[in-house]
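Here is a friendly briefing to read alongside the model. Please keep the sequence and the 3D view open as you go.

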Amino acid sequence: MEVTSEMMKLIVEWCDYHKRMPHHWDDRVGWFPLRPSAMIRWQRKYMNKCTPQQLLQLVTVADALKIGSLLHRGCEAIADTLKGQTTEQMRETWNIVDDTTEEDRKEQDEWKAQKLKELAQLEKQKFRARRSRKC
């Protein structure tokens, strides 16, 4: 894995901040930050300055270096960028090529139609069961 100097600076910044953040020991959760709200604000600001491609690389490097907090927050940041996006928007944001063939689309459409039919049958059964209980 090739890591750029820019990426290393981001990683060192993360580690440096968390090293300086005062913590205390709690028997239930282990080391816990004394000012969690300040830390969360800093982490959000840190993640917001990263591009989607940087987030992916951060998560990959954090996993390789076993930096759990960076891995966790990076995955959360990636998930946040996906919320509310259509499939096309996700592909555009993350540079994902749509390799779905026409045959795949037909299979997906058939599967959806079958599932909708099954769902409609279940709803009919529920309706009949409720109606028969009322009588």
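Which residue forms a salt bridge with E123? The partner is K126, with the closest N and O atoms 3.7 Å apart. A salt bridge here is a side-chain nitrogen of Lys or Arg within 4 Å of a carboxyl oxygen of Asp or Glu.

Before going further, please note that this is a predicted model, in which local features need pLDDT of at least 70, side-chain atom pairs count only at pLDDT 80 or more, and totals for chains, interfaces and linings use all residues. Residues are numbered from 1 along each chain as its sequence is written, and side-chain values use heavy atoms, with hydrogens and water left out.

**Salt bridges**

- The whole structure holds 9 salt bridges.
- E123 and K126 are 3 residues apart in helix α6, about one turn of the helix; helices are DSSP runs (H or I, at least four residues), numbered from the N terminus.
- E123 is partly exposed at 40% relative accessible area, and K126 is partly exposed at 45%; buried means under 20%, exposed over 50%, and partly exposed in between (1.4 Å probe, protein chains only).
- R91 forms a salt bridge with E88, the closest N and O atoms being 2.9 Å apart.
- E88 and R91 are separated by about one helical turn because they are 3 residues apart in helix α5.
- D98 also forms a salt bridge with R91, at 3.5 Å between the closest N and O atoms, and D98 is partly exposed, with 30% relative accessibility.
- A network of salt bridges links E88, R91, D98 and R105.

**The largest pocket**

- The volume of the largest pocket is about 240 Å³, that is, the space filled by probe spheres set on grid points joined across faces, edges and corners.
- A pocket, on a 1 Å grid over the protein atoms alone, is an open set of points where a 1.4 Å probe fits, with protein on both sides within 12 Å along at least five of seven lines; lining residues have an atom within 4 Å of a point.
- Among the lining residues are I40, Q43, R44, M47, R73, E76 and D80.
- Helices α2 (36-48) and α4 (68-82) each supply at least two residues of this lining.
- By class, the lining has 5 nonpolar, 3 polar and 4 charged residues; Ala, Val, Leu, Ile, Met, Phe, Trp, Tyr, Cys and Pro count as nonpolar, Asp, Glu, Lys and Arg as charged, and the others, Gly among them, as polar.
- Q43 sits in helix α2 and is buried, with a relative accessible area of 4%.

**Positive phi in two loops**

- Most residues other than glycine have a negative phi.
- K66 has a positive phi near 60°; K66 is in the loop between α3 (52-65) and α4 and is exposed at 71% relative accessible area.
- N95, which is not a glycine, has a positive phi of about 55°; N95 lies in the loop between α5 (87-94) and α6 and is exposed at 58%.

**A nonpolar patch and a buried histidine**

- L116, L119 and L122 make a nonpolar surface patch of about 300 Å².
- L122 belongs to helix α6 (residues 102-134) and is partly exposed, at 44% relative accessible area.
- Such a patch is made of residues with over 30% relative accessible area and no salt bridge, its nonpolar side chains (Val, Leu, Ile, Met, Phe, Trp, Tyr) being joined within 5 Å.
- H18, in helix α1 (residues 5-20), counts as buried at 16% relative accessibility.

Key: Patch = residues over 30% accessible without salt bridge, like charges linked within 9 Å, V, L, I, M, F, W, Y side chains within 5 Å. Areas by Shrake-Rupley, 256 points an atom, 1.4 Å probe, with all protein chains shown as cover.
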